[in-house]
Protein chains: 2
Amino acid sequence: MGKNMTKYCFGIDLGGTTIQLGLFDEHGKCILKNELPTRKELQGKFILDDIATQIEAMLLETKLSKDEIIGVGIGVPGPVVKEAVVLNCVNIGWGTFDVAAELSHKCGLKVKVANDANVAALGELWCGSAKDYNDAVMITLGTGVGGGIIKDGRIVEGADAAAGEIGHMPIVYGMKERCTCGNRGCLEQVASATGIVKLAKEYLENSDVMSALRGISNLSAKDIFDKAKENDKLACSIVKEVLEYLATAMANISCVINPQIFVIGGGMSKAGDYLIDILQKYYEDKAFLPAKTTKIVLAKLGSEAGMYGAARLVMTV
Amino acid sequence: MGKNMTKYCFGIDLGGTTIQLGLFDEHGKCILKNELPTRKELQGKFILDDIATQIEAMLLETKLSKDEIIGVGIGVPGPVVKEAVVLNCVNIGWGTFDVAAELSHKCGLKVKVANDANVAALGELWCGSAKDYNDAVMITLGTGVGGGIIKDGRIVEGADAAAGEIGHMPIVYGMKERCTCGNRGCLEQVASATGIVKLAKEYLENSDVMSALRGISNLSAKDIFDKAKENDKLACSIVKEVLEYLATAMANISCVINPQIFVIGGGMSKAGDYLIDILQKYYEDKAFLPAKTTKIVLAKLGSEAGMYGAARLVMTV
């Protein structure tokens with residue numbers, strides 16, 4: 001084999017319902033993609049076997065040999081230390097174990113593991129909207145609020161695998177209700193899709209201002225943003241409150257690691273430039289002077305960010 | 001010269017009134033120490049010459065040759081990028097320039113530059129209370145609130161040299177007065193020596209609770225902590241409010257980079273274990289579950305931390 005042989009790697013995003021598997025070249029081009037259901041039965045004991053089998057199938061399909069594969073990166077829905085050991089993945093039934101060692105044993109390839117929000121951030125850095133940057137923070141506004149911190153092109157895990165847990169920054173003061181984590185006033189309690197709907201219901205109960213939101217059953221985050229875009233006063237107030245909290249968290253993040261760029265992803269980010277514009281205004285107001293100009297952009301890779309970032313994990317020296 | 005020749009380096013802390021210069025061996029032992037006044041006249045144009053002259057004198061005194069010196073590390077009171085370029089040092093009259101190149105030219109040694117709060121953190125990591133750790137956050141509670149973030153044994157500078165600017169985290173909501181930075185509600189506005197005194201004066205004005213603080217002219221941060229230790233009710237309330245804000249900032253920091261240890265330094269930290277105990281309690285309450293056990297300790301090196309950390313700068317590969 002020649003010295004300049006192209007190398008490939010697998011990027012896998014293990015979700016609560018689906019496993020996304022991608023085969024990538026060194027430049028971030030996805031040459032083959034597949035999906036599997038996540039088998040959660042028996043504490044998820046079949047998951048790694050399913051992945052190993054699928055890897056063999058994808059190698060067969062592409063006629064690639066294991067010599068041409070640098071390794072397998074995998075993003076998992078739980079805390080990870082040392083790019084190897086999962087501390088627990090409640091969603092899929094896993095306890096603490098060395099996923100890297102076990103999957104490597106099953107598939108005969110080098111394996112690196114990281115948290116799903118963290119690999120998403122790395123994916124956006126490699127091939128998405130933070131391309132050409134080294135230091136980025138990604139914030140995922142979904143059912144919860146996730147985050148990933150990239151410093152010098154690498155994921156920051158933290159001493160207890162809690163780095164980038166932006167959703168649990170204590171940002172909202174005086175909140176009575178507890179977050180799923182047990183604390184009170186976490187960013188996630190207002191800035192997630194669940195949180196904003198809860199906040200909207202409070203607004204609706206505690207005011208008699210007319211609002212198009214009152215007519216909507218099964219209110220969603222999307223409804224709130226849609227009505228705000230139509231200038232519904234109450235919807236605007238809710239959106240502003242949420243984005244002001246988010247901007248406060250971002251201003252805090254800047255005083256800690258001062259990234260080059262913030263990437264906003266997740267379902268709620270579909271509100272698009274409307275969201276970014278308001279967020280930017282609040283961020284500029286709250287950020288420390290030298291960091292007021294930090295870029296804030298929308299994520300590009302959507303639900304594939306994790307797969308890309310997982311691949312990048314093994315590409316990184 | 002033998003391969004195992006001991007190597008040395010200079011660690012310099014450039015302050016607004018004094019320059020501290022230390023000559024260190026590789027193990028962090030300070031073999032010679034000196035102080036110079038900081039000549040601020042003519043936009044501080046003599047400062048680097050004074051330092052270069054002093055370096056030569058210290059080499060002469062120790063009979064060391066430049067071959068035995070790895071380099072010169074210097075901490076400066078302003079933002080620094082790329083371990084070289086100072087963006088501005090208002091205190092000593094400097095604008096933006098490449099301190100590393102200029103001092104290196106003057107003294108014929110390799111030079112690395114960093115912000116003073118950052119080198120203090122690095123010093124505590126090398127030889128102080130964060131020894132044996134790789135990821136630490138130091139918070140300096142002085143006239144202002146400074147901070148330094150160490151990740152994998154290295155200073156985090158940030159994209160705009162604003163990483164570790166913990167004093168400017170937007171932590172206090174609803175504050176009317178502006179911080180020196182122009183924003184409102186910065187941690188520094190309550191958790192600095194200046195801030196706590198201001199807060200105490202507000203408490204005293206807005207209540208008629210008996211307090212030993214009322215009898216004190218020229219109230220200082222030390223007075224407030226001393227009276228709190230004696231169970232003065234008002235002083236206790238002030239200390240608690242300040243430390244609750246500080247703990248909130250620390251809980252936020254943990255959700256971003258999740259360090260192994262927090263080191264608390266600066267004049268106010270002389271309140272000692274009393275301060276740490278209260279801070280720990282609030283931190284445990286506010287921190288995200290996996291990070292609740294992060295160590296919080298007092299700094300050890302006092303005003304020499306910067307000199308140690310500056311030396312470490314050039315020891316680091």
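Ala, Val, Leu, Ile, Met, Phe, Trp, Tyr, Cys and Pro count here as nonpolar, Asp, Glu, Lys and Arg as charged, and the others, Gly among them, as polar. The model is a predicted one, in which local features need pLDDT of at least 70 and side-chain atom pairs count only at pLDDT 80 or more, while totals for chains, interfaces and linings use all residues. Residues are numbered from 1 along each chain as its sequence is written, chains are lettered from A and ligands numbered from 1 in the order in which they are written, and side-chain values use heavy atoms, with hydrogens and water left out.

**Exercise 1.** Describe the second largest cavity by its volume, its lining and the classes of its lining residues.

*Solution.* A cavity is a set of points, on a 1 Å grid over the protein atoms alone, where a 1.4 Å probe fits but cannot get out, and lining residues have an atom within 4 Å of a point. Grid points are joined across faces, edges and corners, and the volume is the space filled by probe spheres set on the points; for this cavity that comes to about 40 Å³. Next, the lining consists of Asp135(A), Ile150(A), Lys151(A), Ile257(A), Asn258(A) and Pro259(A), together with Gly158(B) and Ala159(B). Sorting these residues by class gives four nonpolar, two polar and two charged.

**Exercise 2.** Work out how chain B and chain A meet, starting from the residues in contact.

*Solution.* With contact meaning heavy atoms within 4.5 Å, chain A and chain B take part with 40 residues each. The buried area, which is the accessible area (1.4 Å probe) that two parts lose on being put together, summed over both, is about 3,100 Å², and carbon and sulfur atoms give 61% of it. On the side of chain B, Tyr173(B), Val256(B) and Phe288(B) lose the most area to chain A, together 21% of what that side buries. By class, the side of chain B that touches chain A has 23 nonpolar, ten polar and seven charged residues.

Notes
On a 1 Å grid over the protein atoms alone, a cavity is a set of points where a 1.4 Å probe fits but cannot get out, and a pocket is an open set with protein on both sides within 12 Å along at least five of seven lines; lining residues have an atom within 4 Å of a point.
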